[in-house]
Each structure stands twice: as C-alpha cells, then as structure tokens.
Amino acid sequence: MPDTKPVVHHRTATVNGRTVFYREAGDPTAPAVVLLHGFPASSHMFRNLIPELADRYHVVAPDHMGYGFSDAPPVDEFEYSFENLTSITLELLDQLGLQKFAVYIQDYGAPIGLRIASRNPDRVTALLVQSGNAYMEGFTPFWDILFAHAKDRPANEAEVRKYLTAEKTHWQYTHGVPADRLDRVAPDTWTLDQALMDRPGNAEIQLQMFWDYQFNLPGYPDFQEYFRKHQPPTLITWGKNDEIFGADGARAYERDLPNAEIHLLDAGHFALESHGPEIAGLIRDFLGRVLV
C-alpha cells in the first residue's frame, strides 16, 4: 500500500525584513493548528507531533526570532521582546492566510500565543496548553534568580548565565522524567538547543529575553479575563513533575476555565519527549470534539 504519512515541509518567510523558519504539514484547507515552542527550544520540539496531527489538520510551527533556524540578529539590531515576537508571529500567520487556528502554547510560546488569543479571540478556535503559564501559581523557585535579574541585571547576570549552560539545558529535558522513560528523550533535543545557544551573540539574546519576561506578568489579568469572557475550548497536558512551571499553574486554569480538560502527566518540562504519543492522542480526541 502507498505511504500516506503526511509530509512535513521546512520553509521560510520574510517578516518585517527578517527570515522566519517554520515547519508546515497537512491540507491548507483543513482546520489550522499553530504550535508555539518555548525556551531554549525551537519547532524541532514538535517534530514528532506534527505528523500525528497533519492527517486531519493544517499544522504550522514557527521558530521564534533568535531560536532554531529563524534569524538571530544581534540585540543591538533587533528588539527582543515578547511583544515584538508576538507581532512577528501574527504577521507570519497573516501571510500564511490562517484566519482561524487552534494554538499550542509551551513555555515562551504561552505569553506569545495568549497575547494573540486575548487580542484576537475570534481567530482562536482552541487552546492546547503544555507548561504554558498564565497564573502566578505556576512559578517555582527556578524563577527566583530570573526575577532578581529582572530587577538588577548587573548583580545577577553571572548566576543567570548558568541557565545557558549545557548542563542546565540537559537538565531541562531530563528533570521529572520517570526512569523508565528517560530513554525516550532524544539527545538531539538538548544538543541542538545548546549548539544554537552557543552561537556568537546568542547568549545576549537569551539574557534579553529573560529580562523581558517580567513584562508578561502584567498581561496575566488580560489573559484571565479572556478566559472568563470567551471560554475557549482548552486542553491542558502538563508534566506534573515540571520544576520550571509547576503543576499548580495547570490547576489554576480551572479558576477561569471550569470546562478545561486537564491531564497532569508523569513528566517534566518537555512532556512531548517522554509522553508524545499520549499527548498526540489527547489532542486528536479533543480537537475532534471541539472543532466541529
């Protein structure tokens, strides 16, 4: 029989004069699903999920500026802020003609995707949340040094730079993963992320994004008001052992989205690595019910 597995395309677009890399699969006339990655990853984190969804959906997964294979201009030539990354993401989606879409948000993808959703509620058909924080309850001690850095960059930069080391990148992928699933986490993940972070000038990009994260928090009330007012269909698949965004951040969604479907998995921060088939199955079931 012929192989009918969806083909994943690796493409680029020019947005505001910059090159944005994205992965795309599926029928462009099918309902759209946009996948937004976190730190220090890229659309590579969705490499296995995309084919699992693309038989039913038009799937688009961009690399944020400074990450993956999108442009990474120096910090003195580009405004690295979550607000600016949101604008670029939305412009890309507009270029691709995605008027309505479900959005998968993880880590940094959350403040980007939730800005888009809260400002364009009629365009977002569903939220797929994986360690995508929108409540203060989600912050863990991992963030203490980052918030100190936001208040005083020079005094705390040396400690924050430790978050950019190979040891810390490896930890992000392996912490909270059950011992019997560690062999599911591909070493490609932390190796690729680290290689890209080790490019000249990229550390400064990451430090700027760390510093800018503080400006996401004033948006949380807007995100929560969006949840309460519009009640977007929401599926949460969150690693209950995540030490970066804790499970209380997942539970907090229930406060404003009582109908949210919440699954706390025996996983860490990058739950797709250890629980990819389970998450794909949950998404297919969920979207099959809500995108009608």
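This is a predicted model: local features need pLDDT of at least 70, side-chain atom pairs count only at pLDDT 80 or more; totals for chains, interfaces and linings use all residues.
Let's start with a count: there are 16 salt bridges in this structure.

**Stop 1: a salt bridge between two helices**

Select Arg-119 and Glu-83. These two form a salt bridge, and their closest N and O atoms sit 2.6 Å apart. Now colour the helices they belong to: Arg-119 is in helix H3 and Glu-83 is in helix H2, so to speak two distant parts of the chain linked across 36 residues.

**Stop 2: the sheet**

Next, show the strands. You'll find an open sheet of eight strands with mixed pairing, and if you walk across it the order is E1-E2-E4-E3-E5-E6-E7-E8. At the edges are strand E1 (8–15) and strand E8 (261–265), each of which pairs on one side only. Turn the view to look along the sheet: ignoring direction, neighbouring strands are turned by 20 degrees against each other on average.

What holds a sheet like this together? Strands of a sheet pair through backbone hydrogen bonds, in either a parallel or an antiparallel way.

**Stop 3: the hairpin at E1 and E2**

Zoom in on E1 and on strand E2 (residues 18–25). The two run antiparallel and are joined by eight bridges. Click on Val-15 and then on Arg-18, which is the bridge partner of Val-15 in E2. Together E1 and E2 make a hairpin, with two residues between them.

Now pick Asn-16, in the loop between E1 and E2. What is the phi of Asn-16? It's positive, about 50 degrees, although Asn-16 is not a glycine. For background, most residues other than glycine have a negative phi.

**Stop 4: a cis peptide bond**

Move to the loop between E3 and helix H1 (49–53), where you'll find Pro-40. Select Phe-39 along with Pro-40: the peptide bond from Phe-39 to Pro-40 is cis, with omega near -5 degrees. Most peptide bonds, by contrast, are trans.

**Stop 5**

Bring H3 back into view and show the strands under it. H3 lies across E3, E5 and strand E6 (124–129), and it runs at about 155 degrees to E5.

Helix H3 (residues 109–119) packs with H9 at an angle of about 55 degrees, and the two axes are 10 Å apart. That's why H3 and H9 are oblique to each other. The crossing of H3 past H9 is left-handed.

Which residues make the contact? Show these side chains:

- From H3: Pro-111, Leu-114, Arg-115, Ala-117 and Ser-118.
- From H9: Asp-222, Phe-223, Tyr-226 and Phe-227.

Coloured by class, the contact of H3 with H9 shows six nonpolar residues, one polar and two charged.

**Stop 6: H4 against H8**

For the last stop, select helix H4 (residues 144–151) and helix H8 (residues 202–212). Their axes come within 8 Å and cross at roughly 90 degrees, which makes H4 roughly perpendicular to H8.

Show the side chains in this contact too:

- From H4: Leu-146, His-149 and Ala-150.
- From H8: Leu-207, Phe-210 and Trp-211.

By class, the contact of H4 with H8 has five nonpolar residues, one polar and no charged.

Technical notes:
Residues are numbered from 1 along each chain as its sequence is written. Side-chain values use heavy atoms; hydrogens and water are left out. Axes are lines fitted to C-alpha atoms, for helices over the stretch in contact, and angles run from 0 to 180 degrees between N-to-C directions. Helices (H or I, at least four residues) and strands (E, at least two) are DSSP runs, numbered from the N terminus. Angles under 35 degrees count as roughly parallel, over 145 as roughly antiparallel, 65 to 115 as roughly perpendicular and the rest as oblique. A crossing is left-handed if the near helix is turned anticlockwise from the far one by less than a right angle, and right-handed if clockwise. Contact means heavy atoms within 4.5 Å. Ala, Val, Leu, Ile, Met, Phe, Trp, Tyr, Cys and Pro count as nonpolar, Asp, Glu, Lys and Arg as charged, and the others, Gly among them, as polar. Two strands pair if DSSP finds at least two bridges between them. A salt bridge is a side-chain nitrogen of Lys or Arg within 4 Å of a carboxyl oxygen of Asp or Glu.
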